[in-house]
Amino acid sequence: MGALSRAELPVGPHRQLNAALHELHHRAGWPSLRDLAREVGASRTTVAAAFSDPRLPRWGLLELLVEALNGDPDRFHRLWLAASSVPDAAPAYADATPSSPVQPVPAVSALSVPRQLPPDVPAFTGRAESITDVDRVLLPPAGGRSSRIALLSGTAGVGKTALALHWAHRSAPAFPDGQLYADLRGYDPDQPVPPAEVLAEFLRALGVEGTAIAHGGPERTAHLRSVLAGRRTLVLLDNAYSEDQIRPLLPGTDSCAVLVTSRDSLAGLVVRDGAARIDLPLLDPEEGLRLLHTLVGSRVDDEPAAARALGERCAWLPLALRVAAEFAANRPRSTLSALVEEFDAEPALDVLTAGDDEHTAVRSVLSWSYRHLRADVAELFR
Ligand SMILES: Nc1ncnc2c1ncn2[C@@H]1O[C@H](COP(=O)(O)OP(=O)(O)O)[C@@H](O)[C@H]1O
Ligand SMILES: [Mg+2]
């Protein structure tokens, strides 16, 4: 066999990467293009381009080649990241002189630390038990790790997203390499977000140049896992619809933790991926009253029985409680018992529609997933 032709590249991280790849090929005894192509499952042209083309090879392909040549994927990944973070790596350098200054090589640790969490929920109330449950799964004592995936499941409006965000903010110091967040929109009237799209967003948030992001989903997954390997990053996947939406987004090392919310129990994620499911119940009346008190104020103290009746009309569902509280706040001169009477007199759906924001309107939530609601809650809003 023999050496393959080198890519014409200016001095810089991409040239270092190319030189390291040729060196690896040499050390492996110069296996032929045909053998390499067979081993990595790509065409000979594709493999030849990885060695000789001035364009940066995709990480997915390079990783396979490095493995086929018994190289160190971590080392090559660092080289590849450095090469890919030089803007327009290949084309812009086509006519640069060889004496152009060496580009600074960013260390992996210099990549961006994403802080993607949306704001914490105002007036978050209760849930001490569920918070401890999530702690137990995602913040286990050193060496005691069984799973690093927690799944918060429960009916629409029960407070899965609120708890996930609250937990994530509170636990952020345990994840110094950042927090990634994606709303997978599994239950929106719009299409659920395809994992490949989320992968691209995550990679960009981690500082990977857009041009270095591969087209294929599996390659993006491999890239994300490489970037996250060994990092202490929290990945929050909100409103997941199926295991298939989540699996490509799972990091490969348990240095990371994953918190998923879903209306479904996602049995496959529990069985195959070792996720721990934490079912979120309705608020208990004490928590619900505390929330009403925070949101509505002294009227709850003045009319404890009416406040309780209001909570019961809401089935202690946090979403309904917040909508009812909003309703009460908009009628500061009305007594709570008058509100309860009004609730009882009208079809609940027409009363419990919060302004124009369809995402917080009970009506809208019901139309998205009426079938997923618990029977008694559905009954309430019928
Ligand atoms: N523990 C809580 N304290 C205060 N507000 C809450 C709590 N849980 C949920 N909420 C509020 O109830 C509404 C529905 O909660 P959300 O987390 O969006 O439900 P889910 O994600 O389960 O559909 C939101 O307005 C949220 O802020
Ligand atoms: Mg939610």
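The model is a predicted one, in which local features need pLDDT of at least 70 and side-chain atom pairs count only at pLDDT 80 or more, while totals for chains, interfaces and linings use all residues. Residues are numbered from 1 along each chain as its sequence is written, chains are lettered from A and ligands numbered from 1 in the order in which they are written, and side-chain values use heavy atoms, with hydrogens and water left out.

**Stop 1: a loop and its partner strand**

Select Asn239, which is found in the loop between strand 3 (234–238) and helix 11 (243–246). Asn239 is not a glycine, and yet its phi is positive, at about 60°. With a relative accessible area of 18%, Asn239 is buried, where buried means under 20% relative accessible area, exposed over 50%, and partly exposed in between (1.4 Å probe, protein chains only).

Is Thr261 buried or exposed? Thr261 counts as buried because its relative accessibility is 0%.

**Stop 2: the ligand**

Select ligand 1 and show what surrounds it, taking a residue as near if one of its heavy atoms lies within 4 Å of the ligand. The shell consists of 17 residues, and the closest are Thr125, Gly157, Lys160, Ala162 and Arg322. By class, this shell has 9 nonpolar, 5 polar and 3 charged residues; here Ala, Val, Leu, Ile, Met, Phe, Trp, Tyr, Cys and Pro count as nonpolar, Asp, Glu, Lys and Arg as charged, and the others, Gly among them, as polar. At least three shell residues come from each of domain 2 (128–279) and domain 3 (285–381), with bounds taken from an automatic or database domain assignment.

Next, look at individual atoms. A backbone N or O atom of Val158 lies 3.4 Å from an oxygen atom of ligand 1, and a polar backbone atom of Gly159 is 3.0 Å from an oxygen atom of the ligand. From the side chain of Lys160, an N or O atom is 2.7 Å from an oxygen atom of ligand 1. The protein covers 86% of the 550 Å² of accessible area that ligand 1 has on its own; accessible areas come from the Shrake-Rupley method with a 1.4 Å probe, and for residues only the protein chains shown count as cover. Helix 8 (160–171) and helix 16 (318–329) are the elements that give two or more residues to the shell.

**Stop 3: another positive phi**

Move to Arg127, whose place is in the loop between helix 6 (89–92) and helix 7 (128–138). Arg127 is a residue other than glycine with a positive phi, near 70°, and at 5% relative accessibility Arg127 counts as buried.

**Stop 4: pairs separated along the chain**

Select Pro285 in helix 13 (residues 285–296), which is partly exposed because its relative accessible area is 28%. The C-alpha atoms of Pro285 and Trp316 are separated by 6.7 Å, although the two residues are 31 residues apart along the chain.

Leu339 and Ala307 are 32 residues apart along the chain, and their C-alpha atoms are separated by 9.6 Å.

**Stop 5: the cysteines**

Finish with Cys256, which is buried with a relative accessible area of 2%, and Cys314, which counts as buried at 0% relative accessibility. How many disulfides does a search of the whole structure find? The search finds 0 disulfides, a disulfide being a pair of cysteine sulfur atoms within 2.5 Å.

Key. Polar contact = N/O pair within 3.5 Å; in protein donor to acceptor, adjacent residues only side chain to side chain. Helix = DSSP H or I, 4+ residues; strand = E, 2+ residues; numbered from the N terminus.
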